Amino acid sequence: LLGFIFAGMKYLNNKIDSRMYGFKRNIVARIEKLIGRKIKYGSISPSIFRYFEIRNLVVYSAEQIDQPVVMINKIKIYYSIYKLLRTGDPAASLIKINISNSKFFINTLRDREVITILQELTNPEQSRQNKEFIFIPRITGSNITITLIDENSEYTLSNLFFNIKNLKNEIGLDIRGNMHVKIVTKGSGSLFLNSKIKLRGSVDNRLTWSELRVRFYAVKSNLFNLSKQTFQISLKNNRLDIQKIQDKNPFDVQLKYSLSEKKIELHLISENFKPGSMIRLLGRFSPYNRWLSSKITAKAIINYGISDKKLSYVVDLKTAIKPGNAVPLIMLTSHFSGNSRELFFKPLIADSRSGTVEFVGSLLFENYLPSGLLNLINIRIPNGNDLDASFQLTRSRQTMYLSSEKLIVGSTIFKRFNLNIKPEAGKFLFKLQAVLNDTLDNTTDAEGVLEIRPKLLLKAKVDIKNLPPERFFSLADRRASCRERV
C-alpha cells in the first residue's frame, strides 16, 4: 500500500513538475509573440499549489535587441493547479498577476517603444485577433511608482495600489495612490502639484464605453490649494462626459467631448458661489484671493474645436467685487460672448455708490483696446463733482479714440470732448481737446504722457484759448474756497 502511495505521489509530482515547466515556458513565449519582443528573467521561484514568482523581468527593444525598455523587479503569477492538470493549458489556468514594489520611468521622447508595448497590450481588439492572446482574469499592483516624462512635464503616480478585474465583457478598475505633477514652462515658471487620487469604475474591453468615478483629495501646489473634488467620467456613443459631483458648493462643472468631431463643450453654472471656499491662491497670485471671496452667479458655455482650433463662449455673470479699501462695493452684471480674437459685451454694467459705468461693445485681444459705447452716469470724481458723459469708442491698431458731444462735470458742460490714448510699455501717450458749451471759440488742448512705472507721473502741455477763469476754477475742487482754488 505504501508503495502504491509513494508511486502515486511520484507520478503526481512528475506531472506537476512537467506542467509547471511547460506553464512557465509557455507563458513567457506567448507574451514574447504577443508584443514581438524578447523577454528575459532572472529567476522563477515556484509555489507549487498557488503561484510562481518571476524576478528581474526585462523586455528588450524590437529594434536594438540588446537594449532593455521595461524592467520589473517582481511579478507573481497565480494559477489554478486543478485547471492546469485538467486542461494542460497554462493560459486557461491563470487566476491573477500581481506586480509589487516596482518603478516604471517612461520618457515620451526617448521611450517610444514602451508606449507602443502598452498600446499593444491594452488594445483588446488587436489582442483578441492575435492567436497568442492571453486572458488574464485579474491584475493587481502594490507599491508601484509610474513616472511619465515629456519635454516640459513630469507626471508621477507613487505608492500606487490597483485591482483590475477582467470580466470578459468589461474591465473593473479600483486604483488609489499619490499623484505628483511637475510642469515647466519656459519663461512662465513651474507648476508643482500633489494629491491623493482614487479611481473606481468599469471600462468596456473594447473601450467603447466607461463609467468611472475619480476623486482628488486636497490638491496642493505651489500656485494654489484645491479642496477635495470628485468627478464622474462617462464614455458612451463616442462621447466623453465629465461632471463634478458630491459637492455641497453651489457650483457645477460639466465637460462634453465628441471623439468623432474632436470638439469640447464646457458648461459652468454657479449661484452665489464663493470661489474662495474651494480654491486658495498662493505665491505671486495670493493678492488675488480677495477677489475669490465675492459671490458669483454665472452661467457659461465654452466650445473649442481640437482640429480647427476654434474657440467660442457665451457667459452671463453677476457678482459683487471690492477692489480695495478706498473703492466702494461694485455690483457687476454682464452678458458677453466671443472667440479667441474678440470679446463682445452686451452689456457690461458696473454700479456702486460712486456712480454707474455701462459699456456695450467689444475688446480686441490683439491690443486690448475697446470699441463701442461707454456711458458714465453720476460718477463721483476726486474733486467732489459728478461726471456724466456718453463716449463713442473707436480703435486703430495702436490707439484708442474717445469722443463725446456732451460731457458734464458738476455745473460745467462740454459740447465737444475728444481724447486719444496710445498705450506703450509702462505708460500712456494722450492728446485731448475740449470745447465748453456756453462760450464762443474756446478750446482746451492738452498733450502728454502718463507714466505708470516705475512710479505714477503725469507730464503734459496744455494750451487754453478763450476760456474764462471762472469756468476753469469751477472744475477745481468745489469744496475748496475761492482763495484755495486760486
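Here are a few questions and answers about this predicted model.

User: Which residues have the most contacts inside the largest nonpolar core?
Analyst: Good place to start! The largest nonpolar core has 29 residues. Those with the most contacts inside it are Phe-391, Leu-393, Leu-402 and Leu-407.

User: Is Phe-391 buried or exposed?
Analyst: Buried means under 20% relative accessible area. Phe-391 has 6% relative accessibility, so this residue counts as buried.

User: What kind of aromatic pair do Phe-391 and Phe-417 form?
Analyst: Phe-391 sits in strand 23 (residues 386–395) and Phe-417 in strand 26 (residues 412–424), so the pair links distant parts of the chain, 26 residues apart. Planes over 60 degrees apart count as edge-to-face. For Phe-391 and Phe-417, the centres are 6.0 Å apart and the angle between the planes is 70°, making the pair edge-to-face.

User: How many aromatic pairs does the structure hold?
Analyst: Phe-216 and Phe-231 form an edge-to-face pair, with ring centres 6.3 Å apart and planes at 70°. Ring pairs also link Phe-336, Phe-345 and Phe-359 into a cluster. The number of aromatic pairs in the structure is seven.

Conventions
Residues are numbered from 1 along each chain as its sequence is written. This is a predicted model: local features need pLDDT of at least 70, side-chain atom pairs count only at pLDDT 80 or more; totals for chains, interfaces and linings use all residues. Side-chain values use heavy atoms; hydrogens and water are left out. A nonpolar core is a set of buried Ala, Val, Leu, Ile, Met, Phe, Trp, Tyr and Cys residues joined through side-chain atoms within 4.5 Å. Buried means under 20% relative accessible area, exposed over 50%, partly exposed in between (1.4 Å probe, protein chains only). Rings of Phe, Tyr and Trp (its six-membered ring) pair if their centres lie within 6.5 Å; planes under 30 degrees apart count as stacked, over 60 as edge-to-face and the rest as tilted. Helices (H or I, at least four residues) and strands (E, at least two) are DSSP runs, numbered from the N terminus.
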